[in-house]
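Biologist: Before we discuss this protein, please show me the model.

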Amino acid sequence: MTTRTAIRRALGIGGIVVATVVASTVFARPPFTEEELEAQMDSLYQAIQTGYDLWHGSEPSMTSNGLACANCHPDTAASNPQTFPKYMTMYGEVVPWQEMVNWCIENPQLGERLDPTSAEMTAIKAYAMYLHRGLPIEPGLASEQTAAVPVAFGTGFKREPTGLGVDTREYEPERR
């Protein structure tokens, strides 16, 4: 094969590759439609609602003395899920956030720990992480606490208002 033929073949193959990339970019659909994104967010809000309910004491097995996560951590304050995994002195080792939740359930609340892979733990984590969205992720941060999560009214996430207390109007996301 001559040099000229090799160059022509290389340019031909290169042209096909470029045309394929351009065509796939031009004709590709977005990863999700608006309807799919809305369904995904609705699913997330359902998990967050379940987490909110669990955080506020809806699961009797999580307490034997009437305490709930919200007694010490209203609006998930000072739970700092974005700082885990980190070293915790009560364990003497680095632990994930779910283990710290279970420590609180077993000790201050005198309840039964949750399976870290359960739907309930996922819901609690969804609630806490949603309220802590936008805060810097700094795993290992043990000596500092982030500021309280600002929730002006209601639950801090989209849901139908209950009409009780400050939960009297629709959730409006903050503009950041």
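This is a predicted model: local features need pLDDT of at least 70, side-chain atom pairs count only at pLDDT 80 or more; totals for chains, interfaces and linings use all residues.

Modeller: Residues are numbered from 1 along each chain as its sequence is written, and side-chain values use heavy atoms, without hydrogens and water.

Biologist: How are H2 and H5 oriented to each other?

Modeller: Helices are DSSP runs of H or I with at least four residues, numbered from the N terminus. Axes are lines fitted to C-alpha atoms over the stretch in contact, with angles from 0 to 180 degrees between N-to-C directions. The axes of helix H2 (residues 34-55) and H5 lie 7 Å apart at an angle of about 100°. Because angles of 65 to 115 degrees count as such, H2 and H5 are roughly perpendicular.

Biologist: At what angle do the axes of H4 and H5 cross?

Modeller: Helix H4 spans residues 97-106 and helix H5 residues 119-131. Their axes come within 11 Å and cross at roughly 105°.

Biologist: Which residues of H5 make that contact with H4?

Modeller: Contact means heavy atoms within 4.5 Å. H4 contributes Trp97, Gln98, Val101 and Asn102, and the partners on H5 are Met121, Ile124, Lys125 and Ala128.

Biologist: Which element gives the most to the lining of the largest pocket?

Modeller: Strand S1 (86-88) and H4 each supply at least two residues of the lining of the largest pocket. The most, four residues, come from H4.

Note on methods: Angles under 35 degrees count as roughly parallel, over 145 as roughly antiparallel, 65 to 115 as roughly perpendicular and the rest as oblique.
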